[in-house]
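Thanks, everyone. I will go through the chain contacts in one model, one pair at a time. Please have the structure open while I talk.

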Number of protein chains: 4
Amino acid sequence: MKGKIIESSIRLFERRGFAETSIQDIVETLGVTKGTFYYYFSSKEELLMDIHLSYIDGLIARQEEILRDASAPASAKIRGIISLLIHDIQCQGLSAKVFFREMKILSEEKLRQIVPKRDLFRFNTEQLVKEGIKNGEFRPDLDPAIVTFGILGMANWSYQWFQPGGRLTEDAVSDMFVDMLLTGIAVK
Amino acid sequence: MKGKIIESSIRLFERRGFAETSIQDIVETLGVTKGTFYYYFSSKEELLMDIHLSYIDGLIARQEEILRDASAPASAKIRGIISLLIHDIQCQGLSAKVFFREMKILSEEKLRQIVPKRDLFRFNTEQLVKEGIKNGEFRPDLDPAIVTFGILGMANWSYQWFQPGGRLTEDAVSDMFVDMLLTGIAVK
Amino acid sequence: MKGKIIESSIRLFERRGFAETSIQDIVETLGVTKGTFYYYFSSKEELLMDIHLSYIDGLIARQEEILRDASAPASAKIRGIISLLIHDIQCQGLSAKVFFREMKILSEEKLRQIVPKRDLFRFNTEQLVKEGIKNGEFRPDLDPAIVTFGILGMANWSYQWFQPGGRLTEDAVSDMFVDMLLTGIAVK
Amino acid sequence: MKGKIIESSIRLFERRGFAETSIQDIVETLGVTKGTFYYYFSSKEELLMDIHLSYIDGLIARQEEILRDASAPASAKIRGIISLLIHDIQCQGLSAKVFFREMKILSEEKLRQIVPKRDLFRFNTEQLVKEGIKNGEFRPDLDPAIVTFGILGMANWSYQWFQPGGRLTEDAVSDMFVDMLLTGIAVK
DNA sequence: AATGAATGAGAATTCATTCAT
DNA sequence: GATGAATGAATTCTCATTCAT
């Protein structure tokens, strides 16, 4: 039941937004009563928290898997991360949208649990960029922080436009993003 | 008064979110009453609409100014657009955040007014990319749509992290984004 | 309207108790809506607070009037205070009952506003007892604190049983309480 | 288990009040579940009833013990009753507070079981006063009903202020109350 | 141009209670 | 004896909105 509530909520939050979705709306789609909701979650915010946490935790876990592979060059790992993010939009997309949009709603206290994880993902990516610079793969004249923000911006933004099943496949987008990123769009 | 209400609302919407900000909150910070609000706006949604429209209209106007300059190369115009977006985060940043976050809230009908403008901005950018390809500035093997999404993602994402007055200046960020974009991050 | 809400609430609280009376109940008896209630009171607790404060403030004001009369003997003043309390049960009785019963419900913070006033009333009474002892009216071998608790207990308890319009008049009760108190019930 | 539930409930009811204490609260402090509660009690009201009944029954039983002693003078019996009440505040105090406060909550039907017992206690006391008058111990010019209410008020009120372990011992208070009551506070 | 009282619909949340296991 | 999932009705409270003045 708890799982069903989460699933259903994600769908609704994505479509209408968190604040615009009532507990009533959630339980109605499941054919249960509000009491049931509160049996599993102590508040609406806790549910959002649950969604956020499982999204970011999943992301970090898979990122660390990518980073662990010592033999791969930094560029391959960057590709992995971009793919990972875009894939998530396709697959777990609803969670992702909820994650990026409904952050402000969490209380200070809950944010203290989420923000560090979000930062960790960025930090890991930045480390990767630095590594690439050190081992001569990436240009040393670029600021790793800005590069990282650029990479994440490119990939994360896809939650705003990427349509699974549309003209562009997930792989095509990831490949092209990596291509752009590594060699630039200008003709040499 | 109308202006003051808008200003004040943007600040509040950015901080707490649209749904979490009540009309009471808005008028209280101005020391007026709810009646006053409804003298100027017919609904809360109309106010949000106002904010959205003036943001996107301003953006488009300035974009078209950039595009109009026939002599400039495409790369310079791209730079202009990136600068424009990042500048807006710095300057009109609150509007921008509200714009990106509180889209889902608008009714179908209001969205029909906003979405085409948003698309226009992207379309204009995509045209620019295509132009650059045609005149030999940009690589012809890249999909213009994806490139455009990448560019806008990079720049727009800055609303999530860019801090005016922080370590990175607006210009440093714009420059490096353009640099990355044109020549890539890989060592040749 | 605010006044009407208070009046109506006192009646309901007295009959059913605070927790058992809903805002719905209150507004229904007045033919208004819940919104109206919250226009005047920010919470149910605030309403209870209002009732408590105006009760205890009235009591203290009238007590101080009684005490001010320098020429009267302590015994007359004691009589005044007993009369005052019993009169209040008759007259403002509902408030009184609410006051004595629904104290625990107030939050710590609200209690900090009420308790000192309640204590002041007792303190004033105790001072009076001490004065009576000093000027030779009252027995010096009695503990003024206990005597005071006894007096207040006798009088306050009447909220549990005194029925205005019943066999016993307010004056008969006050007189007899004072008589008992001063000369005792034992035959000399 | 039933005993534990009662004990625990009294403590909670006294601290927060009956309506403000949930069954959840009660079972949580015992580490059991709500089902357990309903195995022993058919409703929350029944639990309150249980508490009330065992309090008042105990009181009456001990009062009748005091009254039975034919040889003792009325004044000694009055002392016994005052002691009894004050002792109960010290010892079973929580029950007492709950008893005095949470009466209004019981349904008509349950009240019909409690009120007569409460009245019996008062009636027994009043009989005692009348006896004292008849046998010449007490003044014949006082109304026995009022005297009784005065006595009970003095003693019962102690549930509002008496603090076991404070400056005043139970015996000191009882003694002084009896002294006041019998011979009055005025200097002869 | 602005106020302030009032509305009414709906929100989140609580909680006593039931019942199959 | 006890559990835990589920209910459903009620509760407090919020808030966009209206409207006479």
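Which side chain of chain B meets Asp179(A) in a salt bridge? It is that of Arg139(B), with 2.9 Å from N to O. Bear in mind throughout that this is a predicted model.

Let me stay with that pair of chains. Residue pairs in polar contact, with both residues at pLDDT 80 or more, come to 10 between chain A and chain B. As for where the chain A side comes from, five helices of chain A each supply at least two residues to it: H1 (2–16), H6 (93–101), H8 (144–156), H9 (158–161) and H10 (170–183). By residue class, the side of chain A that touches chain B has 25 nonpolar, seven polar and 13 charged residues.

Now the extent of that contact. The size of an interface is often given as the accessible area lost when the parts come together. Chain A and chain B bury about 4400 Å² between them, and 67% of that comes from carbon and sulfur atoms. Within chain A, the residues that lose the most area to chain B are Ile146(A), Trp157(A) and Ile185(A), which together make up 18% of what that side buries. In residue terms, 45 residues of chain A contact 45 residues of chain B.

Next, chain C and chain D. Here too the contact involves 45 residues from chain D and 45 residues from chain C. The buried area is about 4400 Å², with carbon and sulfur atoms giving 67%. On the chain D side, Ile146(D), Trp157(D) and Ile185(D) supply 18% of the area buried against chain C, more than any other three residues.

What holds charged side chains together across this second interface? Four salt bridges are counted between chain D and chain C. One of them joins the side chains of Asp143(C) and Arg167(D), at 3.1 Å from N to O. For polar contacts, the rule finds 17 residue pairs between chain D and chain C, again with both residues at pLDDT 80 or more. Helices H1 (2–16), H6 (93–101), H8 (144–156), H9 (158–161) and H10 (170–183) of chain D each give two or more residues to the side that touches chain C. That side of chain D divides into 25 nonpolar, seven polar and 13 charged residues.

How are these two copies arranged? Chain D superposes on chain C by a rotation of 180 degrees with 0.1 Å of shift along the axis, at an RMSD of 0.1 Å. The two copies are therefore related as by a two-fold rotation axis. Gly184(D) has the C-alpha of chain D nearest that axis, 1.8 Å from it. Because 100% of the interface residues of chain D are also interface residues in chain C, the copies meet through the same surface.

One residue to look at is Glu14(C), in helix H1 (residues 2–16) of chain C. Is Glu14(C) buried or exposed? Its relative accessible area is 13%, so Glu14(C) counts as buried. Apart from neighbours within four places in sequence, Glu14(C) contacts Leu94(C), Lys97(C), Val98(C) and Arg101(C), and also Lys104(D).

Last, the pairs without contact. Chain A and chain C do not touch, and their closest C-alpha atoms are 21 Å apart. Chain A and chain D have no contact either, with nearest C-alpha atoms 12 Å apart.

Note on methods:
Residues numbered from 1 in each chain as written. Chains lettered and ligands numbered in written order. Predicted model: local features only at pLDDT ≥ 70, side-chain atom pairs only at ≥ 80, totals over all residues. Heavy atoms only, no water. Helix = DSSP H or I, 4+ residues; strand = E, 2+ residues; numbered from the N terminus. Buried < 20%, exposed > 50% of the residue type's maximum accessible area, 1.4 Å probe, protein only. Contact = heavy atoms within 4.5 Å. Buried area = accessible area lost by both parts, 1.4 Å probe. Polar contact = N/O pair within 3.5 Å; in protein donor to acceptor, adjacent residues only side chain to side chain. Nonpolar A, V, L, I, M, F, W, Y, C, P; charged D, E, K, R; others polar. Least-squares fit on C-alpha atoms with pLDDT ≥ 70 in both.
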